[in-house]
Amino acid sequence: MVEPASFDLIVVGSGAAGLSAALRAADLGASVGVFTAGALLAGSSPRAQGGVAAAVGADDTASQHAQDTLQVGAGLNDVRAVSVLTSEASRSVGALRDVFARDLGLEAGHARRRILHAGGGATGQVLSSALLERALAHPHIALFDHTPVTDVLLAQGRATGVFAEHHAYGGNAIVLATGGYAALWARSTNAPETRGNGLWLAWRAGAGLADLEFVQFHPTALSIPGKPSLLLSEALRGEGALLLDERNQAFVDPLLPRDVLARALHRHLSAGHKAYLSLQHLPPETVEHHFANLAGAVRDASGLDLARDPLPVAPAAHYCMGGIRTDIWGRTDVPGLYAAGETACSGAQGANRLASNSLLECLVFGARTAEAALRDAPDAAATWTTHSLPEVAPNLAAETVIAAMDPVALGQQLDADLGVERNAAGLQRLAARLPDPNSAPSADLLIASVAARAALLRRESRGAHFRTDFPNPTSTWRGRIHWRRGPTLRPVFEEVSP
Ligand SMILES: Cc1cc2nc3c(=O)[nH]c(=O)nc-3n(C[C@H](O)[C@H](O)[C@H](O)COP(=O)(O)OP(=O)(O)OC[C@H]3O[C@@H](n4cnc5c(N)ncnc54)[C@H](O)[C@@H]3O)c2cc1C
C-alpha cells in the first residue's frame, strides 16, 4: 500500500490566489501540494480582462487607492484589510513587473491611473500563465490537476489534510483558494465550474461564511439565449460604445457606475424593452485595433461582429464579495484552515468591489495567507466580536422545501429572486424553497440558501445588494451577517467599525 503524500501546505485551487499562496510558501522552503478540480488554468483568473490595481504611478498613493476602495465598498469594508490590500499592492505587483505592460490604465471608481494590464485585454490569461510557469518550475511544488478536493480532514477540531480522488493527503495547514460562486446564477460571466465549492468544504469543516448576499452584477454581458454571457468590459463604454434600445435610441448614460447602470438596464429590460451595446458609430479599424481579443471572443461566442453589429446585453452575476470569513491573515475560525482570493471574505471588498481590486486581493492575500499558515501555532484561529441579530429570522416553512434542484432551474430562480434587484416577496419565495443551510445536501443549495436568507434579513440597500422595498442604507445594518453550521441556524452580526 502506498503511503498518502503529506505536505507542509496544501493549497486547493490553481487560480491567482492559490498559485500566489503556493509560490510564497515554496519560496519560504515549505513543501506544497496544489490540488485543482480541472485543468491547471481554469476558473476566473484566466478570464480577467481589465487588470490589476496598484498605486504605482508617480501621482498616486496607497492611501488614495484605499480611499477609492472604501468609497465603492459602501461602509462594509474592513479598514485593516483595505490597508493591507492597498499598501502591499506595490510589492506584490513589483515581483511580476515583467508580466505587465508599461502604461497604467484608468478604470471607473479609481481617482488615478493605476491599472496594470497585459496582452491587450487578456491580463488574466497572461498573469495566470506566468504564475503557473513559476509554480511548474518550482522544486517544492507538486501540482495535481483534475483532482477535486471533496473534504477537508479534521483531527480534534483542526484541519489536517484533504480528501481527493479516493486518497487522503496530509497537510500541516490547508488554504482554500477555490474562487467565487457567481456561476450559480443562470446569467453569469464566470466559468460554469465557479460554483462555490470551497464554501461547501469550509462549511462542513465548521468554518463561518459571511456577506453572501453581496454579489456584483456586471451591467453589460452578451445576452443571447443558449450562448455564454460573455463579459463586454467597461473599456468598450470608455471608448464610446452606446447603449441603444429597440428603436436605436440611446436610453442610458453608458458611463454610470457599474451597480447603477446594472439596475438601469435591469429595469429597462424588465419593462419589456431591448438593450444593445453598439460601437457602429466608431471606425471599425479603431475597434479592431483596441479590442482584437474581445472581437474574436464575441465572434466565437455569437457569430456577431463587435464593430458592426448591435450586441444584445443584460446584467450578469460577476463577482462575489462574500465567502469564507477570514481575518487579515486568511485565518478562518477553524485552526489549520485558511482561505484566500474570491472564496474568502476578508472584508477588503466591502459591499461592492472596486474594479481590478480582486486579482490584487489574490496576489496580496494569497501570499500573506501562506506566510501565516506556515508561521501560526497549531491552534491559531480567527475570532470576531459578534452579537445576536436585531431581526427575528422569518418563518420560512411555508412552501415545499426541495432536496435537489436542476442547476439551470436554480440559476433562473436566482436571477429572478436574488438578482440585481430584490424584495421581500421574491426572497421569501426563494428561501422557502431552499433547505435550511444545516441540512443542505450540496454546495449549490447551501450557498443559495444562505445568500437568500441573508438578503431577506438585510432590510436595507447597500453596495451591490439592492432591495426595492428598502432602497436606502441604514446604520443598523452596517456590518456583516455570519453563518456557521450548528444544531440550530443562528446567524450572528458583526458590526463594522467606521
Ligand atoms: C470575465 C471576468 C473578468 C474579470 N476581470 C477582472 C479584472 O480585470 N480584474 C480583476 O481584478 N478581477 C477580474 N475578475 C475577477 C477575478 O478574475 C477573480 O476574482 C479572481 O481571478 C479569482 O481568483 P481565485 O484564485 O480566487 O479563483 P479562480 O481563479 O476562480 O480559481 C479557483 C480555482 O479553484 C479550483 N477549485 C474549485 N473547487 C475546487 C475543489 N473542490 N478542489 C480543487 N480545486 C478546486 C478551480 O479549478 C480553480 O483552479 C474577472 C472575473 C471574470 C469572471
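## Terms and model

A residue is called buried if 20 or more other C-beta atoms lie within 10 Å of its own, exposed if 12 or fewer do, and partly exposed in between, with C-beta atoms placed from the backbone. The model is predicted, so that local features need pLDDT of at least 70 and side-chain atom pairs count only at pLDDT 80 or more, whereas totals for chains, interfaces and linings use all residues. Residues are numbered from 1 along each chain as its sequence is written.

## Helix α6

Helices (DSSP runs of H or I, at least four residues) and strands (runs of E, at least two) are numbered from the N terminus. Because eight of the nine residues of α6 are buried, this helix is largely enclosed by the rest of the structure. The buried residues are N197, G198, L199, W200, L201, A202, W203 and A205, and α6 is followed by G206, which has a positive phi near 100 degrees.

## Nonpolar core

A nonpolar core is a set of buried Ala, Val, Leu, Ile, Met, Phe, Trp, Tyr and Cys residues joined through C-beta atoms within 7 Å. The largest such core has 148 residues, and those with the most contacts inside it are A22, I174 and V175. Its largest share, 12 residues, comes from helix α14 (residues 443–457).

Leaving aside neighbours within four places in sequence, A22 is in contact (C-beta atoms, placed from the backbone, within 7 Å) with V11, V32, V34, A135 and I141.

## Positive phi outside glycine

H166, although not a glycine, has a positive phi of about 70 degrees; this residue lies in the loop between β7 (158–164) and β8 (167–176). H166 is exposed because 6 other C-beta atoms lie within 10 Å.

S356 is likewise not a glycine and has a positive phi of about 70 degrees, and its place is in the loop between β16 (344–345) and α11. With 23 C-beta neighbours inside 10 Å, S356 therefore counts as buried.

Methods. Two residues are in contact if their C-beta atoms, placed from the backbone, lie within 7 Å.
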